[in-house]
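Hi,

Here is the structure I promised to pass on.

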Amino acid sequence: MKDASRRIRTEGLTGAAVSAVMRDTGLTHGGFYKHFESKDELLLESLNEAFREITDRLLKAAKESRPKVAWKAIVTTYLQPEHCSQAENWCPLTALAPEMVRTSEEMKSRIFDELRNYKDLMQPFMPGRRAVDKERAFFLIFSTMIGTVQIARLLPDPALRRKILANTRDFLLGNF
């Protein structure tokens with residue numbers, strides 16, 4: 001499923017052909033429906049894997065730092081230049097959010113469940129004393145980081161990408 005998840009983050013929800021994704025998983029196109037009810041099910045499994053990968057990476061960074069500054073480790077880890085050049089290995093929101101908006105209501109609901117789980121796992125590390133403050137910080141910090149990575153990916157100059165990522169990192173670390 002990791003290969004399928006990476007292909008979808010690279011080619012998009014609509015760009016990844018079922019046959020190519022199945023080949024990545026070692027299955028034939030004919031065997032697809034033995035494993036998944038629909039292409040949407042495959043996409044959801046791939047998104048689940050993508051969220052699991054980024055969550056594992058960010059939780060590792062948070063747990064390896066001091067508790068009060070764990071959120072800073074999350075920000076520093078997330079705003080890496082590799083996030084721009086290797087979309088297939090990073091957050092599915094930076095790679096797929098515009099496409100996720102165009103999915104069916106049922107898919108949006110299931111994607112929202114993944115997002116809620118992502119938030120629930122990250123929120124305890126966010127700055128703030130109360131749960132409401134931590135939730136607010138999560139949405140502010142992650143929305144800023146997601147947008148920054150999306151814009152940085154558009155830029156052809158790696159030095160400019162690094163500068164934008166560093167400026168956002170410094171801004172976030174200095175303002176919470």
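Below is what turned up, starting with helix packing and moving on to the aromatic rings.

Quick housekeeping: this is a predicted model, so local features need pLDDT of at least 70 and side-chain atom pairs count only at pLDDT 80 or more, while totals for chains, interfaces and linings use all residues. Residues are numbered from 1 along each chain as its sequence is written, and side-chain values use heavy atoms, with hydrogens and water left out.

Helix α4 (residues 39-63) and helix α7 (residues 92-100) have axes that come within 11 Å and cross at roughly 145°. Helices here are DSSP runs (H or I, at least four residues), numbered from the N terminus; axes are lines fitted to C-alpha atoms over the stretch in contact, with angles from 0 to 180 degrees between N-to-C directions. The crossing of α4 past α7 is left-handed (the near helix is turned anticlockwise from the far one by less than a right angle). On the α4 side you'll find Leu47, Ala50, Phe51 and Ile54, which meet Pro92, Leu93, Leu96 and Met100 of α7 (contact means heavy atoms within 4.5 Å).

Now α5 (residues 70-78). Seven of its nine residues are buried, so α5 is largely enclosed by the rest of the structure (buried means under 20% relative accessible area, exposed over 50%, partly exposed in between, with a 1.4 Å probe and protein chains only). Those buried residues, Trp71 and Tyr78 among them, pack against α4, α6 (81-85), α7, α8, α9 and α10.

On to the rings: the whole structure has seven aromatic pairs (rings of Phe, Tyr and Trp, the last by its six-membered ring, with centres within 6.5 Å; planes under 30 degrees apart are stacked, over 60 edge-to-face, the rest tilted). Trp71 and Phe176 are edge-to-face, because their centres are 6.0 Å apart and their planes at 65°. This pair links distant parts of the chain, 105 residues apart, with Phe176 in the segment after α10 (158-174). Trp71 is buried at 3% relative accessible area, whereas Phe176 is partly exposed at 36%.

Tyr118 and Phe138 also pair edge-to-face, with centres 6.3 Å apart and planes at 90°. Tyr118 comes from helix α8 (residues 105-122) and Phe138 from helix α9 (residues 131-154), so the pair ties together parts 20 residues apart in sequence. Tyr118 is buried, at 1%, and Phe138 is buried, at 1%.

Cheers

Note on methods:
Helices (H or I, at least four residues) and strands (E, at least two) are DSSP runs, numbered from the N terminus.
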